[in-house]
Amino acid sequence: MTDGLYPRLADAFPALVTEIAELLRAEGEPLAEVVADLPYYGPCTCTATCINLLTAPPGSSGSSMIQLERDGVDIIWLSLDPSRTTITDVEVLDGRDLGPSAQRSG
C-alpha cells in the first residue's frame, strides 16, 4: 500500500522481504503481514556507515525494535513506529550484499 512515489521494499529486495516475513511469522508477529507492502525510501543517510533501509520517512522510528535471529544470532533488526503498527526501517546485520538498491547515490 505505497502511495506510488516510492517502490515497495519487496520489489527492491524480494528475498529479504520473504525472509523477514518468514521469521516474523515464526514468532507469531502480526507485522509479518505488512512487510510485503512496505515502501522503500532508500538507504538511511544519517551517517556514512549506517546500513538501515528506510521503510518510512526519516525520523519516523520510535524506541521499539524487533530483533530477528537465526541460530541464536541477530541477523535483522526492525525499528517500529511509536504505535508499533509498522516497520520504519530494516537493519541487516549479517553482512550480506544487498546490491545496488541499498547503496547511497552521490
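## Reading the model

Let's start with accessibility: a residue is called buried under 20% relative accessible area, exposed over 50%, and partly exposed in between, using a 1.4 Å probe and protein chains only. The model is predicted, so local features need pLDDT of at least 70 and side-chain atom pairs count only at pLDDT 80 or more, while totals for chains, interfaces and linings use all residues. Residues are numbered from 1 along each chain as its sequence is written, and side-chain values use heavy atoms, with hydrogens and water left out.

## The sheet

Helices (H or I, at least four residues) and strands (E, at least two) are DSSP runs, numbered from the N terminus, and two strands pair if DSSP finds at least two bridges between them. With those terms in hand, you can trace an open sheet of five strands in the order E1-E2-E5-E4-E3, with antiparallel pairing. Strand E1 (42-43) and strand E3 (65-70) are the edges; each has a single partner strand, so one side of each is left without a neighbour in the sheet.

## Two hairpins

Six bridges pair E3 with E4 in the antiparallel sense, and Gln67 stands opposite Trp77 in E4. Two residues separate E3 and E4 in their hairpin, and Asp71 in the turn has a positive phi of about 55 degrees.

Leu78 has Val90 as its bridge partner in E5, and Ser79 has Asp89. The hairpin of E4 and E5 has six residues between the strands, and Arg84 takes a positive phi near 60 degrees there.

## Salt bridges

A salt bridge here is a side-chain nitrogen of Lys or Arg within 4 Å of a carboxyl oxygen of Asp or Glu. By that rule the count is six. One of them joins the side chains of Asp37 and Arg8, at 3.7 Å from N to O. This pair links distant parts of the chain, 29 residues apart: Asp37 is in the loop between helix H2 (14-26) and E1, and Arg8 is in the segment before helix H1 (9-12). Asp37 is partly exposed at 36% relative accessible area, and Arg8 is also partly exposed, at 27%.

Another bridge brings together the side chains of Arg70 and Glu19, at 2.9 Å from N to O. Arg70 lies in strand E3 and Glu19 in helix H2, so the pair ties together parts 51 residues apart in sequence. Arg70 is partly exposed at 38% relative accessibility, whereas Glu19 is buried at 14%. Arg96 forms a salt bridge with Asp94, with the closest N and O atoms 2.7 Å apart. Arg96 is partly exposed, with a relative accessible area of 28%, and Asp94 is partly exposed at 39%. Glu19, Arg70, Asp94 and Arg96 are linked in a network of salt bridges.

## The largest pocket

On a 1 Å grid over the protein atoms alone, a pocket is an open set of points where a 1.4 Å probe fits, with protein on both sides within 12 Å along at least five of seven lines; lining residues have an atom within 4 Å of a point. Grid points are joined across faces, edges and corners, and a volume is the space filled by probe spheres set on the points.

The largest pocket holds about 240 Å³ of space. Its lining has 14 residues, of which Cys50, Ile51, Leu98, Ala102 and Gln103 lie nearest the centre. By class, seven of the lining residues are nonpolar, four polar and three charged, where Ala, Val, Leu, Ile, Met, Phe, Trp, Tyr, Cys and Pro count as nonpolar, Asp, Glu, Lys and Arg as charged, and the others, Gly among them, as polar.
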